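Please study the sequence and the structure before reading the solutions.

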Amino acid sequence: MVLQAKNPVIALLLLVFLSVACNNRKSPVGTVSIDAKAIPMMHTENVSEVVSDSGITRYRLKAPVWDVYVDDVPEPYAFFPKGILIEQFDSVFNVDGSIRADTAYNYTNRKLWRAVGNVKAVNLKGEKFETSELFWDERSGSIYTDKFMRAERDGKIHAGTGFRSNQTMTHWRILKYNADLGTVAENDSTTSRNKDTTETGE
């Protein structure tokens, strides 16, 4: 399936939810409880969808499992229990941006995404982000978390609690910085030294 859209990021993430989208205007803050007894209205495995920008395939969404819940839940939501991967391509189909997570939810009424567990992203600038939970509010065009965030930019590590960004993650800030974590090279060297020490017992 190919979707044409002026904003391919939004189009990609909306692509698989068109069948259950609603107009309910609830607050985008927070999430709903998940009923373990609820049965998905639709269950799909090995999902792979692409989106086109100006006639050229730019993005791909992949997920081992995609479930859609509509009945017997407080509000409709889509669930990716075995993880999700979104990749962005350049003009010759090289991957130049991506986001992945162990689990993902989309609360379709509120147009709110929640990625949970080993959330890792890379933006178009090559900046890298790691956190345990990340939200994307489609209505406000913002990405945020109140959890610990680790970011790499220009070879330096930025880390702290709380994160706010635009939806392309090209303009972002960490709310409460931790102590200076140095550079990526320094941290890689420290990790290597610690591993050697552990393995040799020194």
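A residue is called buried under 20% relative accessible area, exposed over 50%, and partly exposed in between (1.4 Å probe, protein chains only). The model is predicted: local features need pLDDT of at least 70, side-chain atom pairs count only at pLDDT 80 or more, and totals for chains, interfaces and linings use all residues. Residues are numbered from 1 along each chain as its sequence is written, and side-chain values use heavy atoms, with hydrogens and water left out.

**Exercise 1.** Classify the pair Y77 and Y107.

Solution. Step 1: rings of Phe, Tyr and Trp (its six-membered ring) pair if their centres lie within 6.5 Å; planes under 30 degrees apart count as stacked, over 60 as edge-to-face and the rest as tilted. Step 2: the centres of Y77 and Y107 are 6.4 Å apart and the planes make 40 degrees, a tilted pair. Step 3: Y77 and Y107 are both buried.

**Exercise 2.** Classify the pair F135 and Y144.

Solution. Step 1: the ring centres of F135 and Y144 are 5.4 Å apart. The planes stand at 10 degrees, so the pair is stacked. Step 2: F135 and Y144 are each buried.
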